[in-house]
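Below are some notes for a colleague who is opening this entry for the first time. They are meant to be read beside the structure.

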Amino acid sequence: MKTLKIFLILFLFIGVAQLKSNEKNDILQNKILKNIRCLICQGQSVHDSESDFASSIKLIVEKKINTGSSEKQIYDFLREKYGDWIIYDPKLNKNTYVLWLLPLLLFLSGGAIMYKKISIKNNE
Amino acid sequence: MKNKFTILIVFIFLSFCFAIFYKGLNSSNTYTPKTHDKKNIPIFRAKDFNSNINIDSKKIFEENIFYVVNIWASWCVPCRKEHPLLMELSKNKSVKLIGLNYRDNSINAKNFINEFGNPYAQILIDNDGMLAVEFGAYGVPETFLIDKDKKIIQKFVGPISQQIVKEIELIIE
């Protein structure tokens with residue numbers, strides 16, 4: 001009886017751990033799929049698309065997650081096959097300097113203008 | 001003076017924005033893949049179309065010749081258009097054609113081959129499209145030229161034309 005109890009507890013524990021792990025994988029899969037562009041659809045992520053291309057990518061991502069690939073490894077694999085365009089979140093490189101740095105530059109210049117205006121007003 | 005300077009800054013900023021948006025108007029908003037990147041062929045295992053036996057990619061590309069990998073499906077209309085050209089290319093002994101049957105029904109695919117002829121030395125089954133992704137393809141038809149170093153040296157998106165066949169033959173020679 002005691003052995004049966006131990007087995008039952010162990011079984012439940014493994015079941016819960018498995019469920020937790022599946023849930024974790026699903027969250028990661030959804031996160032990755034939402035960040036991948038469907039290359040044959042207009043303005044849709046792979047997550048939202050039902051195209052043949054998107055369903056193949058979904059299968060690949062699922063397979064890679066199940067075999068223990070990290071998020072970065074999956075993005076790197078897709079980048080190698082299709083280029084930077086497939087990822088919604090582009091890497092900082094010579095083609096994306098303006099994209100990354102312009103908002104920061106505008107924010108800083110806006111801040112500087114505001115700071116100057118406020119200090120002039122305070123001096124008056 | 002200060003007013004003029006502000007106007008100049010605003011003018012430069014607006015011109016910059018205009019230039020970016022104008023450039024964006026002219027560039028394509030659809031995916032345009034790079035077709036000249038030298039990439040290694042993927043390592044995979046796939047089912048043979050005729051025997052249903054799993055084969056390693058190393059065995060498929062073992063000969064020291066050029067290979068053409070063509071992704072096709074019986075439901076794909078442009079594939080019918082390019083098929084006679086593939087038949088023509090298959091007569092060239094310096095190249096081996098490998099077909100990748102993409103997300104297809106096996107009976108329809110067999111009927112397609114029986115009706116239009118078989119240009120392929122080997123046909124592989126890609127039921128879920130994962131093999132096509134390994135090659136970096138995103139639809140059908142798509143054709144890859146692989147050199148003797150087993151590198152993908154050219155990628156042709158869409159149906160191949162007579163001009164493309166000539167281009168392939170020129171590279172092979």
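How many helices and strands does chain B have?

1. Chain B has six helices and eight strands. Read from the N terminus, its elements follow the pattern α-β-β-β-α-β-α-β-α-β-α-β-β-α.

2. This is a predicted model. For chain B the mean pLDDT is 90, with 92% of the residues at 70 or more. For the complex, the predictor reports an ipTM of 0.76 and a pTM of 0.75.

3. On overall dimensions, the C-alpha trace of chain B spans about 85 × 35 × 30 Å along its principal axes. The radius of gyration of chain B is 22 Å, whereas a compact globule of 173 residues would have one near 16 Å. The accessible surface of the chain is about 10,100 Å², and carbon and sulfur atoms contribute 58% of that. Of the 173 residues, 46% are buried. Among contacts in chain B with a separation of 6 or more, 71% join residues 24 or more positions apart.

4. The strands of chain B form an open sheet of eight with mixed pairing, in the order β1-β8-β7-β4-β5-β6-β2-β3. Strands β1 (39–40) and β3 (54–56) of chain B stand at the edges; each has a single partner strand, so one side of each has no neighbour in the sheet.

5. Is β4(B) mostly covered or mostly exposed? β4(B) is mostly covered, with seven of its seven residues buried. In a regular strand, side chains alternate between the two faces of the sheet. One side of β4(B) carries B:Phe66, B:Val68, B:Asn70 and B:Trp72, and the other B:Tyr67, B:Val69 and B:Ile71; all are buried, and both faces are covered.

6. β4(B) also pairs with β5(B), in the parallel sense and over seven bridges. In this pairing, B:Val68 stands opposite B:Leu97 of β5(B).

Terms used: Residues numbered from 1 in each chain as written. Chains lettered and ligands numbered in written order. Predicted model: local features only at pLDDT ≥ 70, side-chain atom pairs only at ≥ 80, totals over all residues. Heavy atoms only, no water. Pairing = 2+ DSSP bridges. Helix = DSSP H or I, 4+ residues; strand = E, 2+ residues; numbered from the N terminus. pLDDT = per-residue confidence, 0-100. Rg over C-alpha atoms; globule rule 2.2 N^0.38 Å. Buried < 20%, exposed > 50% of the residue type's maximum accessible area, 1.4 Å probe, protein only. Contact = heavy atoms within 4.5 Å. Areas by Shrake-Rupley, 256 points an atom, 1.4 Å probe, with all protein chains shown as cover.
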